[in-house]
Amino acid sequence: MVVTPDERVGLTDDRQAAERAVEACTEQLSEETPELFDALRAHTSDVAAAVADADGVPGADLDSDEAVEHFREFVRAQYDESWFESLGERGGDLGLTWATFQTAMRRFAELLSLEAFVQFHEAGAQFQEARGRRSDAETAVEEAESALQYRNEMGGVQGEESFDALVDDARAAVRDARDCLGAGEAAMQRAYAFRVAAQRCRTEYDVDDEALSFVSLDDGDADWEFRELRHGRDRLANRLNRVESDVDELRDHPRYGH
């Protein structure tokens with residue numbers, strides 16, 4: 001697929017559009033500057049790896065505006081302190097003209113933005129799945145509590161197995177929700193990192209947004225979308241903590257046989 005300027009992809013377009021644009025942009029980059037292609041593509045993996053160890057990355061939890069800024073500064077520093085210098089030296093060693101090198105960096109900035117879009121959608125999908133499993137846990141908790149109440153009111157008619165099964169279902173749903181939440185948080189970190197990297201590349205190499213072929217940027221709207229993603233994660237985490245506490249109480253109940 002070839003994405004024309006009139007079909008530039010924005011953050012609010014669907015994930016499939018972003019993934020197709022990643023493929024098209026990658027193909028264009030490899031054709032225009034094959035000398036730099038491997039290094040530039042490998043660098044996208046390096047960006048993701050740099051934020052994978054959350055313990056070593058300032059602000060990686062992204063739980064406040066201050067944390068977000070610390071995270072941004074960390075990513076920016078990776079470029080300013082090492083990447084731009086080493087990339088410039090590589091371009092010089094390859095004998096690339098400034099025009100060719102600048103074209104490559106414009107295309108690479110687009111690729112980073114598109115990778116950010118894909119990870120943004122991945123984070124949203126994982127959070128949505130976590131919400132569904134959290135809802136399953138809440139339902140199982142309500143039913144387990146009802147089973148206990150029914151047993152007390154009816155003098156032991158309700159079977160033990162039904163209560164145990166409901167608690168087991170709630171525990172499993174919480175575990176699944178936690179897994180999805182963790183996967184979503186990792187994708188959100190990558191989305192933030194790629195976005196900062198793209199912004200830094202556009203600034204360093206004087207890339208005009210209007211010159212982009214594959215990406216449509218509206219940083220004002222994107223700022224809001226990224227904040228909403230983070231706030232949605234926070235609301236989800238809080239509700240998951242509450243239902244997990246309810247599940248723990250049921251698990252500790254004398255009627256629970258496991």
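## Cysteines

C25 is buried, with a relative accessible area of 0%; buried here stands for under 20% relative accessible area, exposed for over 50%, and partly exposed for the range in between, with a 1.4 Å probe and protein chains only. C180 also counts as buried, at 12% relative accessibility. The closest cysteine sulfur to that of C25 belongs to C201 and lies 12 Å away, which is too far for a bond. A disulfide is defined as a pair of cysteine sulfur atoms within 2.5 Å, and by this rule the count comes to zero disulfides.

## Model and confidence

The structure is a predicted model, in which local features need pLDDT of at least 70 and side-chain atom pairs count only at pLDDT 80 or more, while totals for chains, interfaces and linings use all residues. Residues are numbered from 1 along each chain as its sequence is written, and side-chain values use heavy atoms, with hydrogens and water left out.

The average pLDDT of the protein chain is 88, and 91% of the residues score at least 70; pLDDT is the predictor's confidence in each residue, on a scale from 0 to 100. Over residues 1–5 the pLDDT is below 50, and this stretch has 10 contacts in the model beyond near neighbours in sequence. Contact means heavy atoms within 4.5 Å. Where pLDDT is low, the predicted coordinates should not be read in detail.

## Fold and overall dimensions

The protein chain contains six helices and zero strands, so that the order of elements from the N terminus on reads α-α-α-α-α-α. Helices (H or I, at least four residues) and strands (E, at least two) are DSSP runs, numbered from the N terminus. The radius of gyration of the protein chain is 24 Å, well over the 18 Å that the globule rule gives for 258 residues, so the chain is more spread out than a compact globule. This radius is taken over C-alpha atoms, and the globule rule is 2.2 Å times the number of residues to the power 0.38. Along its principal axes, the C-alpha trace spans about 85 × 35 × 30 Å.

Of the 258 residues in the protein chain, 43% are buried. The accessible surface comes to about 12,900 Å², and carbon and sulfur atoms hold 43% of this area; accessible areas come from the Shrake-Rupley method with a 1.4 Å probe, and for residues only the protein chains shown count as cover. Among contacts in the protein chain with a separation of 6 or more, 83% join residues 24 or more positions apart.

## The largest nonpolar core

The largest nonpolar core has 81 residues, of which L40, F71, Y79 and L114 touch the most other members. Such a core is a set of buried Ala, Val, Leu, Ile, Met, Phe, Trp, Tyr and Cys residues joined through side-chain atoms within 4.5 Å. At least two residues of this core come from each of α1 (15–32), α2 (34–50), α3 (65–93), α4 (98–154), α5 (160–204) and α6 (219–251). The most is given by α4, with 21 residues.

Leaving aside residues up to four places away in sequence, L40 touches L29, W83, L87, A104, M105 and F108. F117 is placed in helix α4 and counts as buried at 6% relative accessibility. With the exclusion of residues up to four places away in sequence, F117 touches V9, G10, L11, A18, V215, S216 and L217. The C-alpha atoms of F117 and N241, 124 residues apart along the chain, are separated by 28 Å.

## Loops and backbone geometry

Most residues other than glycine have a negative phi. L62, in the loop between α2 and α3, has a positive phi near 50° and is buried, with a relative accessible area of 0%. D206 lies in the loop between α5 and α6; its phi is likewise positive and near 50°, but D206 counts as exposed, at 64% relative accessibility.

L96 is located in the loop between α3 and α4 and is buried, with a relative accessible area of 18%. L96 and E35 are 61 residues apart in sequence and 8.9 Å apart in space, C-alpha to C-alpha. Apart from residues up to four places away in sequence, L96 touches E35, L36, G91 and F101.

## A position in helix α5

D176 is found in helix α5 and is partly exposed, with a relative accessible area of 32%. Its C-alpha atom is separated by 36 Å from that of R200, which is 24 residues away along the chain.
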